[in-house]
Amino acid sequence: MADHTRRTVLRGTAVAAAGGLVGAMGGRVAAAAPVPGTATRDGLRFPFLEGAFKPVTEELTAFDLPVTGRVPRELNGRFLRNGPNVLGLEDPRAHHWMLGEGMVHGVRLRDGRAEWYRNRWVRSASVAKKLGEPYPGPVPPDDFPCNTHVIGYRGRILALQESGPLPYELDHELGTVGTYDFRGTLEGAFTAHTKFDAAAGELHAIAYYPTWDHVRHQVIDHTGRVARTTRIPVADAPMMHDFALTEKYVVIFDLPITFDPAGAERGDLVPYVWNEKHPTRVGLLPRAGGEVRWFEVDPVYYSHTLNAYDEGSSVVVDMTTYPAPFYVAGRGSDGPYGAGTASLERWTIDVAHGRVRTRTLDDRPQEFPRVHEALVSRRHRYAYTAAAADMTLAYLTPGGNPPDRAFANALIKHDLLRGTTQVHRLPRDAAAGEAVFVPSEGARAEDDGYAIAYVHNPDRGAADLVILAAQDFTGEPVARVHLPGRVPLGFHGSWIPDA
């Protein structure tokens with residue numbers, strides 16, 4: 001098979017279809033071609049271009065943002081979130097949500113004030129061309145405007161993507177600095193879902209690529225260099241969107257979503273298929289070195305890790321999953337399609353007896369689980385998830401036939417020790433994105449801090465940055481920071497405190 005770059009493998013004909021230059025207008029940048037709203041074409045609907053997903057067309061900058069309530073003075077830093085925001089799309093049939101150009105939205109908090117809001121496209125070479133801007137230096141292989149996550153790492157801000165592209169570094173005002181390869185040590189693909197072990201000072205990744213016969217576990221040490229890469233043989237080039245980490249193990253999920261070479265040759269936008277012949281299994285790779293031990297499980301689509309930890313001779317992993325089958329490329333719509341809704345599950349991998357026990361912790365539709373980041377790879381009690389009706393409906397909309405709208409918008413706090421939940425309910429059309437937990441200064445309890453999320457405000461037609469006291473989760477927000485524009489439903493983000 002020909003050696004495919006990310007452009008030819010993952011984007012298919014989308015690059016050619018999503019054309020159009022844009023120009024700068026004062027402090028704003030606007031797309032030349034209008035982005036479709038609720039319009040249909042050839043009888044099809046495009047749920048990931050409508051409603052809470054509808055892309056924004058301008059880059060905005062606003063200072064001294066209005067606030068309802070009071071921003072806690074201890075919150076000094078930036079709340080950033082990444083997501084696909086297609087630029088200059090001419091034909092919605094050439095669109096897939098996960099291929100939209102990355103746009104990072106950010107709010108800067110300091111000394112009780114909301115100093116600014118900015119949203120900026122990640123300036124890959126293709127985005128720079130569309131914006132009529134120069135791209136500094138040579139174009140890297142598999143160049144892509146990373147759209148999935150944004151993290152802080154050793155004083156840098158990195159926008160991340162899986163399966164090929166280098167991370168893009170951003171400055172503290174969300175301008176694109178350029179690609180970042182961990183001081184010249186990153187070879188090949190990276191991931192969107194890193195895990196940082198604060199105690200060990202290590203950043204971990206599981207990387208996959210469609211032409212590899214393996215996946216790679218990468219460890220970036222305290223010097224900021226890739227210190228160790230372990231190649232793990234796998235068949236069929238599976239998609240590995242996320243993984244988990246404990247003090248002893250790297251937890252790897254090998255699922256039946258695999259690369260489709262024929263689809264790539266046809267120019268399919270996302271040439272990955274549900275492959276019933278590929279086994280569903282979870283693997284444990286010892287962090288101290290050694291071979292992966294695999295455990296088979298019933299077919300399922302594993303979406304995102306909350307966290308994982310060791311418990312005696314077992315490994316406990318909390319995560320969101322969808323029932324099988326799951327179609328990443330969609331079935332008649334412009335985004336993923338699930339056979340059911342996402343729920344929060346716990347998998348207990350019994351190493352001594354060679355089996356996996358699965359248990360549903362909460363079957364309400366929900367996604368984007370987050371934990372206190374200092375507890376990654378260690379035992380946790382609390383979890384935070386988001387329930388967004390528009391996301392649930394979009395994932396259940398093959399061929400443009402949406403089910404009823406009896407789904408809620410809410411942020412959910414889970415007490416996994418007591419088996420209870422607290423729900424911060426939101427109004428109709430108030431779609432909530434991922435909630436990130438930020439600890440209070442000198443916090444002694446795991447939930448002493450704040451849950452922060454972008455939430456659409458239907459009364460204003462724009463987003464609010466909502467700050468909840470995690471120990472008063474169902475109460476009124478501590479603060480609502482009113483942004484000047486919308487923040488479409490997207491993917492993942494981080495709180496990046498001041499140094």
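Strands β24 and β27 (residues 343–350) run antiparallel to each other, paired over eight bridges; a pair here needs at least two DSSP bridges between the strands, and strands are DSSP E runs of at least two residues, numbered from the N terminus. Within that pairing, T320 has L344 of β27 as its bridge partner. This is a predicted model, so local features need pLDDT of at least 70 and side-chain atom pairs count only at pLDDT 80 or more, while totals for chains, interfaces and linings use all residues. Residues are numbered from 1 along each chain as its sequence is written, and side-chain values use heavy atoms, with hydrogens and water left out.

β24 also pairs with strand β23 (residues 300–311), again antiparallel, over ten bridges. A308 sits opposite V317 of β24. Buried means under 20% relative accessible area, exposed means over 50%, and partly exposed is in between (1.4 Å probe, protein chains only).

Now for the cores, meaning sets of buried Ala, Val, Leu, Ile, Met, Phe, Trp, Tyr and Cys residues joined through side-chain atoms within 4.5 Å. The largest has 58 residues, and V251, F253, V282, V317 and I349 have the most contacts inside it. Strand β18 (residues 249–254) is the top contributor, giving five residues. Apart from this core lies another, of 23 residues, including L60 and V487.

Elsewhere, five strands form an open antiparallel sheet in the order β4-β8-β7-β6-β37. β4 (61–63) and β37 (493–497) are the edges; each has a single partner strand, so one side of each has no neighbour in the sheet. Three bridges join β4 to β8 (residues 113–121), with F63 partnered by W116.

On to the charges: the whole structure holds 31 salt bridges, each a Lys or Arg side-chain nitrogen within 4 Å of an Asp or Glu carboxyl oxygen. Here are some of them:

| Salt bridge | N to O distance |
|---|---|
| K130 and E101 | 2.6 Å |
| R110 and E115 | 2.9 Å |
| R370 and E434 | 2.8 Å |

R370 is in strand β29 (residues 367–370) and E434 in the loop between β32 (420–426) and β33 (436–439), so this pair ties together parts 64 residues apart in sequence. Both R370 and E434 are buried. K130 and E101 are buried as well. R110, by contrast, is partly exposed at 33% relative accessible area, whereas E115 counts as buried at 13%.

Key. Helix = DSSP H or I, 4+ residues; strand = E, 2+ residues; numbered from the N terminus.
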